[in-house]
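The following exercises are to be worked through with the sequence and the three-dimensional structure at hand. Each task is followed by a stepwise solution.

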Amino acid sequence: MKGFLAKNFLSSNNTDNKSGSDENDNKSEIDKNDNEENNGNEEQKDIQASSNNNGNNKSNEINEENNNDKCDPSINEQNYTTNATDEKIENDDINNDNNDLENNEYKKKDNVFSSIDKMTFYECVLKQLADDNLLDSYNTLKKEINLEENANSENNFLFNLYQKRLYNNPSNVVETEETNINKLTEYNSLNKKKSHIYNNNLILNYENNSNNIRQIYSYEINSRIELIHKSKCICCANNSSRNILCSASSDSTIKMIKINDLKKKKIFLIDNKHTKKINSLKFHPTKNVLFSASDDCKIQIIDINKALKKKKKLYYNQYKHMKDKNKRNDEEKNIIIQDKNPFISMYVHPCGDFLYACNKNENIIKLYDLQTLNCFMTTNKSTYHSSTINHISGTSDGHIYGSVSVDGNIKIWDGLNSNLIHTQYNAHNGYSIQSIEFNKSNFYILTSGLDGQTKIMDMRTFKTLYTFGNGLSCISNKSIFMNNEAFIANIVQANDIFDSKFYIYNSYFGNIEHNIQNVHNDKINDIINARDGLDVHTASYDGFCKTIKINQMYSHDN
């Protein structure tokens, strides 16, 4: 494809053209002058020839009358001269026509280079042909246009420019924010047609809320320690079936446990090569593959099944394991994505082929192809956040994803082409936004900011439906839709409080359902949904990863 533009140029312009050098231009002018002189001489010859023919005709009449049996040699001579003159005139006319064609070709060629930009373009074409080692095409074109390649341009400059343009929208197509919102509305209207899939009480739907009556509940809270770290427990994640739980700490360790295992629970230490604090853990949507993002500027892709098999073989054949240690390390080496800045947050596309990630001190989202590990970024800098991105999340179908930043803005992106759909400015009164989540119907988003507030917004109108929290500034704030989306879980740490507050809010009525206390002795840094009911897993700076069992019961006062 690199020689695509150049080959098209050659195929369209290499049609019986001749060399256009300065010497040929001079020759054409000389030929024009010669032709004019020849034309003048030929006209005189034509006059003489016509007069001779008249005299010859008279003599022929006299000779025919006087002596029909005799022939005059002078008459034959004159006829021969006349025929030769006619043939010469015809040849000169043909030459004149050919010269006119050549002159027209030269005029066309001059029109090609009427702009200095085109000369520069063809110099770049020559450079691209030279870069691709297409010497025959290079020599043909060079001879054709009488130019030298652009030695100042970078290697593959023309191809890189073409490729960059290939993945951008045409310049004459300007998408306004109104157009993007209309597209988003159309997208949500299509989802609405599939609303029967989400037509149950576990999925948030304000449109069917007219008959809802507020219920009064009582709660019974129990906590169970699942994993213990020597240092701060930073984050946790579970797989798609939610029977495997992983947690990571500031000492770069990752631990794993099988949830609801009837046998004796075993804790597995995941072999990873991180050297600094791990900031985020995510599972593949369909496979037992774990992604870990760290302050060491790496994302590691770990096959959990291999880690489990390795643990078993350590118990049953440790000697053989030690003997083949080097060989095993090569075979079980984790796939690594390397960058120059620490990774903060990740979002795995539901198809499982792409990974979105953001870095500390960077305001752009990076898309990684998990097959090739190639990185892609949008080239439109005007759509970037103005500060560090804190969190990324996306819809259940991957058509839309969102990002929140220290700049206090929410950005909604098209998952198909990474175009910006909408920016919600100052969504949390100008404070940094810490988290964003989409509900299962993809109609609503949940955001939490350092203004102490948590908001539910309608994706179709970007209007705030409910605001939760006391509105006091804080140092951390994160929320999730619970398994039953009629409720949300919120963990917030105020400026003057050592540990975090854990609240359950009602999504439909905006009230606090329950304040969960004394589950951790330090800041709760991460929260995810567990397998059953309203249960959740939490990761705290006290080093524990816990399962919080939340038993919800109708109140007798109801």
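How many bridges join strand S24 (residues 501-506) to S25? The solution is that four bridges join S24 to S25, and the two strands run antiparallel. The model under study is predicted: local features need pLDDT of at least 70, side-chain atom pairs count only at pLDDT 80 or more, and totals for chains, interfaces and linings use all residues. Residues are numbered from 1 along each chain as its sequence is written, and side-chain values use heavy atoms, with hydrogens and water left out.

**Exercise 1. Describe the sheet that contains S24 and S25.**

Step 1. Strands are DSSP runs of E with at least two residues, helices are runs of H or I with at least four residues, and both are numbered from the N terminus. Two strands pair if DSSP finds at least two bridges between them.

Step 2. The order in this open sheet of four strands is S22-S23-S24-S25, with antiparallel pairing.

Step 3. The edges are formed by strand S22 (474-481) and strand S25 (512-516); each has a single partner strand, so one side of each is left without a neighbour in the sheet.

Step 4. On average, neighbouring strands of this sheet are turned by 20° against each other, direction ignored (axes are lines fitted to C-alpha atoms, for helices over the stretch in contact, and angles run from 0 to 180 degrees between N-to-C directions).

Step 5. As a residue-level check, Phe502 has Ile516 in S25 as its bridge partner.

**Exercise 2. Characterise the surroundings of Gly510.**

Step 1. Gly510 belongs to the loop between S24 and S25.

Step 2. Its relative accessible area is 25%, so Gly510 is partly exposed (buried means under 20%, exposed over 50%, partly exposed in between, with a 1.4 Å probe and protein chains only).

Step 3. Neighbours within four places in sequence aside, Gly510 contacts Tyr466, Phe468 and Tyr505 (contact means heavy atoms within 4.5 Å).

Step 4. A separation of 9.3 Å is found between the C-alpha atoms of Gly510 and Phe487, which are 23 residues apart along the chain.

**Exercise 3. Trace the pairing of S8 with S7 and with S9.**

Step 1. Strand S7 (residues 289-294) pairs with strand S8 (residues 298-303) in the antiparallel sense over five bridges; Ala293 has Ile299 of S8 as its bridge partner.

Step 2. Three residues lie between the strands of this hairpin, where Cys297 takes a positive phi near 70°.

Step 3. S8 also pairs with strand S9 (residues 335-338), antiparallel and over four bridges, and Gln300 stands opposite Ile336 in S9.

Step 4. Over residues 271-305 the chain is 6% helix and 51% strand, with the end C-alpha atoms 12 Å apart.

**Exercise 4. Is Thr395 buried or exposed, and which side chain does it contact?**

Step 1. Thr395 is located in the loop between strand S14 (389-394) and strand S15 (400-405).

Step 2. With 2% relative accessibility, Thr395 counts as buried.

Step 3. The side chains of Thr395 and Asp397 are joined by a polar contact of 2.7 Å (a pair of N or O atoms within 3.5 Å; within protein, one must be able to donate a hydrogen and the other to accept it, and residues adjacent in sequence count only if both atoms are side-chain atoms).
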